[in-house]
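Biologist: I would like to learn how to read pockets and aromatic pairs in a model of this kind. Could we go through them one at a time?

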Amino acid sequence: MASAVRGTVNGTILVAVGEGILIGIGFMLAGVPNAALFAVLTTAFAMLPLGAWLAFGTAAIVLILAGGSILAAAAVAGWGAVVMLIGDNFVQPALIGGAVRLPFLWTLFGILGGLETFGLIGLFLGPVLMAALLTIWRQQSGPAPDQPS
């Protein structure tokens with residue numbers, strides 16, 4: 001259970017930092033004002049459901065209001081969406097699943113189900129519960145020990 005919690009927290013934080021860095025590079029290339037600040041906000045909000053979407057959406061709007069092109073703002077929004085979709089749907093479940101020895105699909109179901117059922121804390125609790133259930137399943141379905149006669 002401890003490794004499941006550690007893997008979930010580490011996976012969530014590592015993915016949020018990676019997403020913040022990649023999207024922050026996009027902010028700088030597109031010319032978003034205060035790109036470093038928006039990158040830090042994106043990193044912080046990436047740990048919340050739909051938080052990073054709000055951060056890079058706001059950055060795109062600020063870019064337009066600061067006189068940037070609509071094409072650059074669309075590129076910021078598109079790049080942010082691609083990074084978030086890949087990070088949240090593939091990288092994060094792979095990191096969490098590898099740490100707790102959960103198959104990818106079970107990890108994804110644990111993250112989404114925990115989030116739906118328990119809210120924000122379910123982001124961490126869902127994979128932990130899924131790992132606990134899988135551990136119990138593995139123990140119960142394993143071969144029975146030999147009985148001495």
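Biologist: Which helices each supply at least two residues of the lining of the largest pocket?

Modeller: Bear in mind that this is a predicted model. The helices in question are H1, H4 (70–100) and H5 (104–118), and H4 gives the most to the lining, with five residues. The pocket itself has a volume of about 350 Å³, and of the 20 residues that line it, Pro49, Leu50, Asp88, Gln92 and Leu115 are the closest to its centre.

Biologist: How do the residues of that lining divide into nonpolar, polar and charged?

Modeller: The lining of the largest pocket comprises 15 nonpolar residues, three polar and two charged.

Biologist: And how is a pair of aromatic rings described?

Modeller: One gives the distance of the centres and the angle of the planes. The structure holds two such pairs. In one of them, the ring centres of Phe27 and Phe38 are 6.1 Å apart and the planes stand at 75°, which is over 60 degrees, so the pair is edge-to-face. This pair links distant parts of the chain, with Phe27 in helix H1 (residues 2–30) and Phe38 in helix H2 (residues 35–45).

Biologist: Are Phe27 and Phe38 buried or exposed?

Modeller: Phe27 has a relative accessible area of 0% and is therefore buried, and Phe38, at 11%, also counts as buried because the cut-off is under 20%.

Biologist: What about the pair of Trp53 and Phe56?

Modeller: Trp53 and Phe56 form a tilted pair, 5.3 Å centre to centre with 45° between the planes. Both lie in helix H3 (residues 51–65), three residues apart, which is about one turn of the helix. Trp53 is partly exposed at 31% relative accessible area, whereas Phe56 is buried at 3%.

Methods: Residues numbered from 1 in each chain as written. Predicted model: local features only at pLDDT ≥ 70, side-chain atom pairs only at ≥ 80, totals over all residues. Heavy atoms only, no water. Phe/Tyr/Trp six-rings, centres within 6.5 Å; stacked < 30°, edge-to-face > 60°. Helix = DSSP H or I, 4+ residues; strand = E, 2+ residues; numbered from the N terminus. Buried < 20%, exposed > 50% of the residue type's maximum accessible area, 1.4 Å probe, protein only. 1 Å grid on protein atoms, 1.4 Å probe; cavity = no way out; pocket = protein on both sides within 12 Å on 5 of 7 lines; lining within 4 Å. Points joined across faces, edges and corners; volume = space filled by probe spheres on them. Nonpolar A, V, L, I, M, F, W, Y, C, P; charged D, E, K, R; others polar.
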